[in-house]
Amino acid sequence: MADEENYESNEPNAEDAGAGPVDAEVLNDFSGHSMVPAAEILPEQIPILPVAERPFFPGITLPIQISNRDFVPIIDYALHHSNRVFGACLARNLNEDRPTLSECYEVGTALKILRADQSEDVLQLLVQTVKRFSHKKVVQAADPGPLIWTVEYHEDPEKTNQELKAYTLALITSVRDLLRLNPLFQEQLKMLLSSLSYDKPGLIMDLISSMMTSDGEKLQEILETYALIPRARKLLRLLQEEIQLFELQQKIKQSIEEKITQQQKEFFLREQLKAIKKELGLEKDDKEAELEKFEKRLEKLHLTDEVKKVVDDNLEKLKLIEPASPEYNVTHTYLDWLTVLPWGVYTEDSFDIDQARAALDKDHYGLEDVKERILEYISTGKKTGRISGSILCFVGPPGVGKTSIGRSVAEALNRKFYRFSLGGMRDEAEIKGHRRTYIGAMPGKFIQSLKTTESANPVIMLDEIDKVGTSFQGDPASALLEVLDPEQNHAFLDHYLDVRFDLSRVLFICTANTLDTVPAPLLDRMEVIKLPGYILEEKSQIAKRYLIPHALEEHGLTEKDIKLSDEVLDFLIDQYSREAGVRNLENRIKKIMRKITMAHAQGNTEPAEILKSNLTDFLGPPVHTEEPLYRQPPAGVVTGLAWTSMGGATLSIECSAVEIARGNGGFKQTGQLGDVMKESAEIAYSYIESNARKYRIDPAFFEGHRLHLHVPAGATPKDGPSAGITMALAIYSLARQKPVEAGFAMTGELTLTGRVLPIGGVKEKIIAAKRMGLRRIILPRENLRDFKELPDHLRAGLKCFFVRSFDDVITSIYGSHADGNPI
């Protein structure tokens, strides 16, 4: 596009992104033209050149560069057919691909070519802007040749009057003001002012307009104004806008300069004051003050010989280094870390068992086995006089209180508490620190925690230890081995400190959702305490004792503002919050509180009564509306118990048979089963098929049917061997057409010989069964000891059968020649 970029001295470029360079042969036709005077008579038909940024104004001479092949026919036509004249019009809608097809304004400026020269692939023109013109009609369209218009030229009136002179003087005054504010085009404006003549006010306005930085549309509006007084008014408005813009720029610039000047003044004054105080002995310099700060810190610490030697060496080194040296900051930061750590500083442990029990009971309901373990630690410390550093690992599904009970342990021991998450950690430097040779080096998380707690025996909680990552930057899980090993952590070596720190008095508490991803060497160093989850009764107590009072306080409500009966609370838990933890239940209760606060904000301050009938108004439709288990299972459907990282769960295993040609029987499984679970299904099928006569099943049933075993919730991956007896019983029930009574649930691994092997996660599975209202449980005989360790309230109301073989499973359910005895 042709575009006027700078004022009189600019060189517009007619290049467009969509077009290529001008052919050299075409440019050769234009070379060699010498300077010619502008003609007085202008042709009525002229080619039109679209311009992009701003229009041209009459009365100036300027160079233009044409480097777009699409514009060559326009210049060629002007040189050979229109007395070297072409029109320049501002493009209303620019066509990026074909600029010559752009829609243009109908008023433009006629340009006279004074000189045309070739320079490489660019056509350089020297043109004079002559007169305004307006479009009358289209003589030739722009494709394929140039756009040609018949135009009408407009002359500025020659007669002037007093009003026009006044406007002209106002314009010149505004230009002088602009010159004072913006020295960027000072020379051009001075030349303009010296050559202006009041006899040609139109020319003055056009020259001023050509130097404006306003938008192209505003300048086009001035170009289209033929009457001089309206044109002067519009130009004055634009000049005032320019003046205001530059005044604002000057104001901003002055404000910044004043601020910098004030800062420099304050700096010099502070330096002078510092020099005066130093001469009078009233103040020490920065280095002396820092050295004195480090020495005061060291007076309160009990350093080992190794650390004392390193500190003394670095203090001497700091005295010799100039503060401007890069080494000064490195040494200063290192000394700052060494002297801020709690070397030999310990908080006094509390061995009061009753106080510790009260601290644990204050925020947690149930979890008696966990609390008992912690109280055992405290009682041991009471006998020995100190609680040595131990590593506990709380394992359980989300929302069961793993993190909060760690905080309660610190409160019971009267120790400082620090927690950080290992989830997603991939760099071992986060554990053992960076070496001081790196820019921005700092100690690892454990040393940072000691600085924060200001004691060498805090309780440090390592959250999400099962989610530690591994990358090219190292293996943080392996780096944790030194920290969590009681035989090594008494001399823990951080890469940044490079001196040993005693972590043996620290109580480490780790949390995890599952132990499957925790490396075995790391797991070997920890004592695992499982938090399996809560049943409905426990959740109800937790809600009444902790969640509801806390939610009322958090939302500015009182007990009088809500009426929630125990029956409705149990219904809420059963229909909206069946997960193992209580985090979702807490969110549901908070949602009810927010609804009540909204009602208060709208003027309804009556107590809100929560009923089963209006619970959907607060929480929406129930989440668990479907009945998860069959009221009376058909033949081939058996309920099993499973363990997941989210706690225990129930599975309804279904088996169906498709009758096919005899001898083409088969077996398939679906439900996104893992390899181990698929093997369990194959074992169950093979066992029942091989013992068909023993169990009074017609062998032809397997030859003439294809069995399909499915485990619902197909989107959820499942694996493990504990569903073996459940799958086998489903096949047996289908083959014999003998449904299993409602209320039964089972778990156990089955072998090819029919033996039932023990499984894990008994507590979680029992909790899941009670949560679903299942009261008759079949477990492997070897899990009897695990069942006896369960709390009385979990075992209450259950009728359990402990079996050694699949025969015992059938006997327990159907009552024939029973070997297992109900408990």
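**Entry 1: the whole chain**

I began with the overall make-up: the protein has 28 helices and 25 strands. Both are DSSP runs numbered from the N terminus, with at least four residues of H or I for a helix and at least two of E for a strand.

I noted that this is a predicted model, in which local features need pLDDT of at least 70, side-chain atom pairs count only at pLDDT 80 or more, and totals for chains, interfaces and linings use all residues. Residues are numbered from 1 along each chain as its sequence is written, and side-chain values use heavy atoms, with hydrogens and water left out.

Next I looked up burial: 47% of the 823 residues are buried. Buried means under 20% relative accessible area, exposed means over 50%, and partly exposed lies in between (1.4 Å probe, protein chains only).

I also checked contacts, meaning heavy atoms within 4.5 Å. Of those between residues at least 6 apart in sequence, 74% join residues at least 24 apart.

**Entry 2: a five-stranded sheet**

I followed an open sheet of five strands, in the order β9-β10-β13-β8-β14, with parallel pairing. From one strand to the next, the twist averages 20°.

Two strands count as paired if DSSP finds at least two bridges. Within this pair, Cys393 sits opposite Val528 of β14.

Helix α12 (residues 368–384) lies across β8 and β14, at about 145° to β14. For such angles, axes are lines fitted to C-alpha atoms, for helices over the stretch in contact, and the angle runs from 0 to 180 degrees between N-to-C directions.

**Entry 3: an enclosed helix**

Why is helix α16 (residues 476–483) largely enclosed by the rest of the structure? I found that six of its eight residues are buried, so the rest of the structure largely encloses α16. Among those buried in α16 are Pro476, Leu480 and Val483. Their cover includes α15 (445–453), β10 (459–463) and β13 (507–512).

**Entry 4: two positive phi values**

I looked up two non-glycine residues with positive phi. Arg84 has phi near 65° and is in the loop between α2 (72–81) and β3 (85–93). Asp498 also has phi near 65°, in the loop between β11 and β12 (500–501).

Buried or partly exposed: which is Arg84, and which is Asp498? Arg84 is buried, at 15% relative accessible area, while Asp498 is partly exposed, at 46%.
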